[in-house]
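User: Hi! I'm new to reading protein structures. Could you walk me through a few features?

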Amino acid sequence: MQVFDYIFSVGGNFSAQVNGMSDAAGKFSANVNGTESVLGNLAKKLAVLDLIADGVGKMNEAVNSFSSAGIALDSQMHDLSAVAGVTGEGLKQIEGYARSSARAFGSDAGTAVEGYKLLLSQLTPELAKCPEALKAMGDAIQTTSKLMGGDGTAAAEVLTTAMNQYGVSLDDPMEASHKMAEMMNTMAAAGQAGSAELPAIKSALEQCGMAAKSANVSFEETNAAIQVLDKSGKKGAEGGVALRNTLAILSQGRFLPKDTQEELKKAGIDVLALGDKSKSLKERLEILKPVLNDTALFSKLFGMENANAARALVQGTDKLGEFTAAVTGTKSAEEQAAVVMDSYAERQARVKQRFEDLKISLFQATGDLTLWTGTIVEAIVPIAQITPLITTMCSAVSWFKGLNYAAALGRVATMARSAAVSITLMGSRTALANGISLGFIGNLGRATIMLLRFATTGLLSGLKALGAFALSCYYWRRVCHVCRYRLGIVWGFQTFGSLGVQGCKYGHNEHPHCGLDSGSHRGTHCRGRVLLEYFG
């Protein structure tokens, strides 16, 4: 068995290089220690600056929190002054009402002023000349908002829509404020008694309010009719359109088509009574009950598109009367708002607004002090935030100025030359080692090929021997019994070809008992010759 020994050696003046690297590492450690000391001092300075920046930021937050409520209210009041043209004491009075409303209802004073602005824009700016009426209407908005999830804008739209659709006179602002409170309670009671809520009532009133007013239908009965239609599937604006069309048809009276008037007279219905404005809507609808089952006449009277809504109203006159009674003369909105405001969140909001009102008072007492303080603090914050960066840049510039560039570059060049020489030496040794390794790999390949060749030759020889054995067995049965006896072939794991040849030769020369000569054995009775010829 051969043993291959490969020895790799790398030469070069590495000891000197290692010593040089060790010295350089020592110097580097000293530099690192010095840098660490510098960085430690810098970190302390930065920590102090960070504390200063944090303190300035917190001061800015405090100033903003202190003045935010006052700034918002001041902006809203100036907007209201621009819309209504109110200044001086009148404006201060309205501001006082807004702050009082905020404390009472737990909403921002700015929200109350926003409600006043909506009243002035949706109704009339003249309301600003009567701050008491404006306050009463603002309180109605605040009360309604408690029934609408605190949405003051939506509450103002509901109330102003009802006022405008029914054409409430604003000549007497205080009377108008009382009318608004009644409408508020009526709509709240209708929403409580029926299925249509305040937003749906508003949408319906936008479509039918003026028609109901012109037909002399009371606001309470109109709300009751909206609830009846909502129950029958005519919701929101769709219900308002249906009620408007029904009222318009009932008001036609003598101007109805002649054939329709004739059929109604035959049923005992006075067409003039249908449009009688002195009657309630319930009374007018009950007149049509005799023809309720006459589908053709009912459809002819109201039209196919309005017949179902009119039928729902005529059939629901009893419910209409119940709803009308339920929504008349109530304090439903105020009662519902009182229940809502008794919750923990509402009570907490009212307490919070008391502190907000105190902030507003302090803001107004300090005048423009918070203006300058806030501006200065806001200017200081970014400066404090970038101070650490400025300090770091200055330290870096000072460090670069103190560097010995010539010596540093010389050391770098020396180290680069040493590294290049070492790499060259190691590269040549590595190339030699690679060549030797490739030779070793080639020898392994050649040995593998020889092993495969030896195995293949042995396999072919074995196959040849097996073939000779099989052929000998085949011709054995054709040799005469004497020759077969004398052949005495010994079968084994020796070469079968040699055994067959020797047996056949013996059979041709020695056969005294068979009575056959050599020539006969060359015939069909003995195949010893064939074996002889085949195996040589």
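Analyst: Helix α6 (residues 173-193) and helix α15 (residues 317-327) have axes that come within 8 Å and cross at roughly 135°. Helices here are DSSP runs (H or I, at least four residues), numbered from the N terminus. This is a predicted model, where local features need pLDDT of at least 70 and side-chain atom pairs count only at pLDDT 80 or more, while totals for chains, interfaces and linings use all residues. Residues are numbered from 1 along each chain as its sequence is written, and side-chain values use heavy atoms, leaving out hydrogens and water.

User: How are α6 and α15 oriented to each other?

Analyst: Angles under 35 degrees count as roughly parallel, over 145 as roughly antiparallel, 65 to 115 as roughly perpendicular, and the rest as oblique. So α6 and α15 are oblique to each other.

User: Okay, salt bridges next. How many does the structure hold?

Analyst: A salt bridge is a side-chain nitrogen of Lys or Arg within 4 Å of a carboxyl oxygen of Asp or Glu. The structure holds 16 of them. Take E114 and K117: their closest N and O atoms are 3.4 Å apart. Both sit in helix α3 (residues 109-122), three residues apart, which is about one turn of the helix. D79 joins E114 and K117 in a network of salt bridges.

User: Which residue forms a salt bridge with D230?

Analyst: That's K235, with the closest N and O atoms 3.2 Å apart. D230 counts as buried because its relative accessibility is 4%; K235, at 48%, is partly exposed.

User: And why are D139 and K135 separated by about one helical turn?

Analyst: Because they are four residues apart in helix α4 (residues 131-146).

User: Last one: which residues make the nonpolar surface patch?

Analyst: Patches are made of residues with over 30% relative accessible area and no salt bridge; nonpolar side chains (Val, Leu, Ile, Met, Phe, Trp, Tyr) are joined within 5 Å, like charges within 9 Å. Here V351, F355, L358 and L362 make a nonpolar patch of about 390 Å². F355 lies in helix α17 (residues 344-366), and its relative accessible area of 55% is why F355 counts as exposed.

Methods:
Accessible areas come from the Shrake-Rupley method with a 1.4 Å probe; for residues, only the protein chains shown count as cover. Helices (H or I, at least four residues) and strands (E, at least two) are DSSP runs, numbered from the N terminus. Buried means under 20% relative accessible area, exposed over 50%, partly exposed in between (1.4 Å probe, protein chains only). Axes are lines fitted to C-alpha atoms, for helices over the stretch in contact, and angles run from 0 to 180 degrees between N-to-C directions.
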